[in-house]
Structure formats: C-alpha cells, structure tokens
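Please examine the sequence and the structure shown here before reading the report.

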Amino acid sequence: MLAVTGGVYQRLCGGSGTGSGSVGEAERCGGVSRTGTGGQQRLPQAIIIGAIRAHPAVRAVGVEPHFFDRNYEKGLEWYRELMPRTWDGQITMEKTPSYFVTREAPRRIFSMAKETKLIVVVRNPVTRAISDYTQTLAKKPDIPTFEVLAFKNRSLGLVDASWSAIRIGIYALHLENWLQFFPLSQIHFVSGERLIIDPAGEMGKVQDFLGLQRLVSDKHFYFNKTKGFPCLRKAEEGSPPRCLGKSKGRTHPSIDTDVIHRLHKFYRPFNLMFHQMTGEDFDWEQDEHPGMG
C-alpha cells in the first residue's frame, strides 16, 4: 500500500528554485489556491497511511483520488481542487495504495514535487495475496479457487506471477521502480503486522518521518476483537471511531498448507532482496499461517 502526503508548506517550499518536469514552482510548492476562505488548497507533497489523520497537523482527502494512475490526464488543477483546505504548517495528505504498483506513478509524482515523502505499508506477501483474494471473493463468489489462480501448474509448483494478487507482493520489483526517482531516505516502510500489534508505535515512526510532533499515541487506539484490527477512538471531532483496514477482518478461506509453503518459497528470494534494498527485516519467514485480513 502506498500513500502520498502533503509536506509542511513553510518548511519544504521556502524558495528552492524551479522544479523538475513541466510543473512550475508555484505548483511544485503547494499549488496554492488563494480563493475562498478557511485556508488554502495545496498539492500534496507526501503520501501516507490513513491512521495519521488523527494528528491535528494533518488534513486528508476523504477518498482515494487515483490521480497518478487513473486520472492523470485531468491535470494538476483538477487534483489540487480535490485537496482539503489547510493552513501554513499543516500537511495535506492523500492515500491511493495502487500507486506503489503503477509503473508511471514515480515519474509523475517526481514531476509534481521531487521532495515528496512516501509511506508504504507492507505485510507478509503470502498473507497479502490471500487477503486480496478474500476481498475479491466477497464481491465475486463465483471466481476460481485461490489455488487455481495462484499457479500456472500446481503439480510443478509454477506460481503465476502475472496474477495481480501475487505480483503486488513482489515488493523489491516495485521498489526498484521508485528508487529510480526517489532516494530511500524519502520512503518510509510501515509493517502491516506491527501496525496491528502496536499501532501507536508504528504511527510514532510515521510522525517522526514527517517531522511531526508525536501526538498520536496509545490512548488514540483500542483493539476491535470482532474485526481483529485496531481502531481509532475518535478520528476527527464529532466523528465515530474508525478502524484500520475498514474493509478487512474477513476470515480467510482455508488454503492447503502445501500451497502456502510453496508461495513462501516463491517469495523468499524477493523478500531477501527487499530486505537488502531497505535494510529492514520484517520477519515474514516466521509467519507462515495467515489468518484474517
């Protein structure tokens, strides 16, 4: 999952010269609209996960805009007008997870603002693939079984890497594309597993990465036993609690243990490559029993 957030306007846009690509400095440094009241609309300069919205210095778009993958031809003005109004010192945020696997997205985001900070949520790719299938199955109950879709030839153990549920989890492949445009220092990886076990801890790291004061803490979360996910006690003033992974929590279908082991074997070299590229170990080898998500 990838999210792009808006950076702090005063700190990141203090007159750094002309930007790269076809986007001029006025657009690069926030695309500020001075019309109307109640702050300004700015182009995002970082991309982030939803839970950080509990931070008072962050304003977020309510829906996934899919600008850099599906709506790019509509232009930056269309994109900016989707953004909430913010004051100087606040961060504008948007989240569209599919950007991470969209080949054109890194170049397009770089053209908008090369200082953009990126936050990627990753989890055990086997668990992620089964979770993706579970979500699709809920909408299309007549699709083939997971085992059928996951393999070109199950008896030979040939995994079908062209199936999107499998391909998304080859994180090293996608990260390689992003590193052609952004240094690793501008990308922060959030562990999906730790986000469930210790949401405040993971959010603390995100706040540090964005240069925000650590205001989102343990007191903002409670564990929803029914869904199996943490929830924010109160996301915004007057709003009901919001759970991480609001579409998650469905019990995974029973998957043959041999299939799970074969997929772990398939992902192992890619996970090692991802570890070498990021310098982070997510302990996915210890998690070979996906459950809910």
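Predicted model: local features only at pLDDT ≥ 70, side-chain atom pairs only at ≥ 80, totals over all residues.

Residues are numbered from 1 along each chain as its sequence is written, and side-chain values use heavy atoms, with hydrogens and water left out.

Helices here are DSSP runs of H or I with at least four residues, numbered from the N terminus. Helix α4 (residues 105-112) is largely enclosed by the rest of the structure, because six of its eight residues are buried. Buried means under 20% relative accessible area with a 1.4 Å probe, protein chains only. The buried residues of α4 are Ala105, Pro106, Arg108, Ile109, Ser111 and Met112.

Tyr171, Ala172, Leu175 and Glu176 in α8 meet Phe270, Met273, Phe274, Met277 and Thr278 in α11; contact means heavy atoms within 4.5 Å.

A search of the whole structure finds 21 aromatic pairs. Rings of Phe, Tyr and Trp (its six-membered ring) pair if their centres lie within 6.5 Å, and planes under 30 degrees apart count as stacked, over 60 as edge-to-face and the rest as tilted. Tyr171 and Trp284 form a tilted pair. Tyr171 lies in helix α8 and Trp284 in the segment after α11, 113 residues apart. Both Tyr171 and Trp284 are buried.

| Feature of the Tyr171 and Trp284 pair | Value |
|---|---|
| Tyr171 to Trp284, centre to centre | 5.6 Å |
| Tyr171 and Trp284, between the planes | 45 degrees |

Ring pairs also link Phe67, Phe68, Tyr72, Trp78, Tyr79 and Tyr99 into a cluster.

Methods: Helix = DSSP H or I, 4+ residues; strand = E, 2+ residues; numbered from the N terminus. Buried < 20%, exposed > 50% of the residue type's maximum accessible area, 1.4 Å probe, protein only.
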